[in-house]
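Here is a short briefing for a first look at this structure. Please keep the sequence and the 3D view open while reading.

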Amino acid sequence: MAILFFGGADTLKPKTAKQQQRQVNSNQQTPTYDVIVVGAGLTGLTAARKIQQTRPGLSVLVLEARGQVGGKVRYATMQTRNGVEFVDTGSQFIAPTDSELLSLLQELNVQTSQQLACGNNTVFEQTKKKRDLSLQQQWSTTPFSDFVNSESLVGSLTNVSIATMSRGADVTDTDSVNRLMQTFFDAPGEQVSSVQLALTCASQNATTIEILRRFGHGESLLAKGGMNEVVRRLADGLLIEYSQRVVHVNDAVFPSIVQTSAGRNFTARQVILATPISTLDNIDIVPAPEASFQQLIQNYGPTGHAYYFTMSFQRATWRLNGRSGKVIYTSSSGPLVWLTTFDTTYANSCENSTSASSSLWGIAHFSYDVPFETRSKLYTQAIMYSLRFADFSPLDVSDVNFATDDLAKGTIPTLRVNIPFESLKYLNDFHTVYQNVHIATADLASKSLGTMNGAVHSAQAVSNYVLQMLSAAEAQSNGILRDVPVESTTPYVYHTSSHYPPLVLAGSQGSTTFHYETSSHYPPTVAAASGAQATTTMKHFSFGNLDSENSTNDEPTAVLYDSPAQQQQATRLQNSSASTPFAYSTSSVMPPVQPIETTTFTHFSNGNAEKSTPTAVQRDDPSVSITQQTNGYVYSTSTHYPLVIAGRNLDKNGIDTSATPSPQVVNELQQVSENASNSTALQLARHLNQLVHSLLTQLQLN
């Protein structure tokens, strides 16, 4: 059976394949990316593609340590019947229940075909004795989450090896368990915890025999063009940098820092480490993962040393002799001690398979290391001996050993005996290191643990989470009340500063508060003056309802927000400390006032101050006099500048107390007083404002 181990390894697609990728000069300073994916295996490519398709505006970079994509979906260029082609040498069997992987292939427009089973198996046949599969059936129907979260359910499985359990009374299907360990895990049963078998059955919802059938033993599917075609299509359109082996990731800073062995630094808002669990010790992760997760890494990894080989043929000659191409070979003499093969020819049926480019894929164990030329001859001799062929000559042979690859360190990882139960909780699709760095691999998948479908499942889970994290961060940076109107029915009293003079209400000595309304959030609360009609219609530029034409009504076209107090403003100004009339006019809410003639003012702000030397001015001594002015105007900003003007009887505010108002002012004041009972608050305020303006102009400038 075939291997299906992944998680997202460190590889990329061949540079000869067509894809839109950009090479970044190593001397250039790279920008901060939204997402950096470490590893261009099946997990990494799927995650990067999903993020880019969901949010095309996000910047996504994939860093790959090798020169091609795929990870454990390994492939090589080989001579075939059709010429030189890419041929799978790694994972390639697809289970008919691999829903996520099959959906991905459909999106990529990659067809699949049933694995051929033409002819008889040469060696492997299930025995006819009755099997007791009750325990495996129980595992296959138990939710995966129950195993990793219920210590009572797991019981002693973590402390018992598969080899010991397979010899026990509860599991009598020794053949299928051993076959699974050889072809699926490439691991000796003595070193693997029984909980691994339970978790595998639960994640696949299948027994060991059903798993074997789905992966190479009769029910598997194959992708047209191989799985190498799948990963190369996944890589199309992605920004990938090859030969970038990541050695350091810092999640304690923002944005996170990713550093390669060549010394290049990259930064990203989110980082996905899509590498096999066994290779995480190649990367310095800051902050270090929690102790229980590190225990998982230490007790979870591949243990086998098998070679995975592929042989191409002009035609499937084994079918001519009624054989299926499935072979099991053993030898005690070595150096080849065990070998098994599977027919991986892509064809729609056995009838037309002889015209297709044919291939066998297999797994082999050697008692000691031998060079490739020797391994190739031993593969051919073992198969020819098993099939009883006098002439068995492949067109080409290629093999790979994942155990000696530092970027893979084996195939599907297995849990060691006595692994701490608390480490199992991390088998939950992906793991967030601290806040913005996430480890995603098929080795952590809660569905199809360790397989290609598990790689896709993990990629979809982590990409959805990363997209949520990015959206939440963007929403938070834009403010909590973004696009949310403020609504209130409570009157709001707004105190500003001395820029707004205190409004003196009738019958009171004074008040420093005035009613301030900024928008329609605050309902109108304009009070009517004594005996006057209350204003109920509000017009203001902030409402957008001002009329462009002048109104003939006595009411002004815009409501004065602080109109209730303006009728007392004249009295206040006559008796206050202000030396000039105060015109508060921010917009159309205030009636126009006649501007005061200021051409004769002498002040530094007018640019016409005479150059004269003050006589011993001390800014903090109010008893010291200043230079006398001759134009009759004294500008006083504070008590720092006392007022002494010769020839005038002035009070401390600069008003000539000997002056008397003109008959015109007295007459106007009398008219306002007589008409006050028949005037609205707004009309009265407007008349008083004009009257005060005339009175103060006469008193100070006459």
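In which strand is the place of Ser113? Ser113 sits in strand S5, residues 112–114. This is a predicted model, in which local features need pLDDT of at least 70 and side-chain atom pairs count only at pLDDT 80 or more, while totals for chains, interfaces and linings use all residues. Residues are numbered from 1 along each chain as its sequence is written, and side-chain values use heavy atoms, leaving out hydrogens and water.

**Ser113**
- Ser113 is buried, with a relative accessible area of 6%. Buried means under 20% relative accessible area, exposed over 50%, and partly exposed in between (1.4 Å probe, protein chains only).
- Leaving aside neighbours within four places in sequence, Ser113 contacts Ser220, Leu221, Leu222, Tyr346, Ala347 and Asn348. Contact means heavy atoms within 4.5 Å.

**Helix H2**
- Helices (H or I, at least four residues) and strands (E, at least two) are DSSP runs, numbered from the N terminus.
- Glu100, Leu101, Leu104 and Leu105 are buried in helix H2, residues 99–107.
- These residues lie on the same side of H2, because they cover an arc of only 135° around the axis. The arc is that of the directions from the helix axis to the C-beta atoms.
- The cover over the buried residues of H2 includes helix H1 (42–54), S5, strand S6 (221–223), helix H10 (227–235) and helix H14 (452–477).
- Asn109 follows H2 and has a positive phi, near 60°.

**The sheet**
- An open sheet of 5 strands runs in the order S14-S15-S16-S13-S17, with antiparallel pairing. Two strands pair if DSSP finds at least two bridges between them.
- Strand S14 (327–330) and strand S17 (396–400) are the edge strands, and each pairs on one side only.
- From one strand to the next, the twist averages 20°. Axes are lines fitted to C-alpha atoms, for helices over the stretch in contact, and angles run from 0 to 180 degrees between N-to-C directions.
- Strand S15 (residues 336–343) pairs with strand S16 (residues 358–366) in the antiparallel sense over 7 bridges. Thr341 has Gly362 in S16 as its bridge partner.
- Helix H7 (residues 174–185) packs on the sheet and touches S14, S15 and S16. The direction of H7 makes about 80° with that of S15.

**Confidence**
- The protein averages a pLDDT of 76, and 65% of the residues score at least 70. pLDDT is the predictor's confidence in each residue, from 0 to 100.
- Residues 1–28 stay under 50 in pLDDT. For residues 1–28 the model has 147 contacts beyond four places in sequence.
- Where pLDDT is low, the predicted coordinates should not be read in detail.
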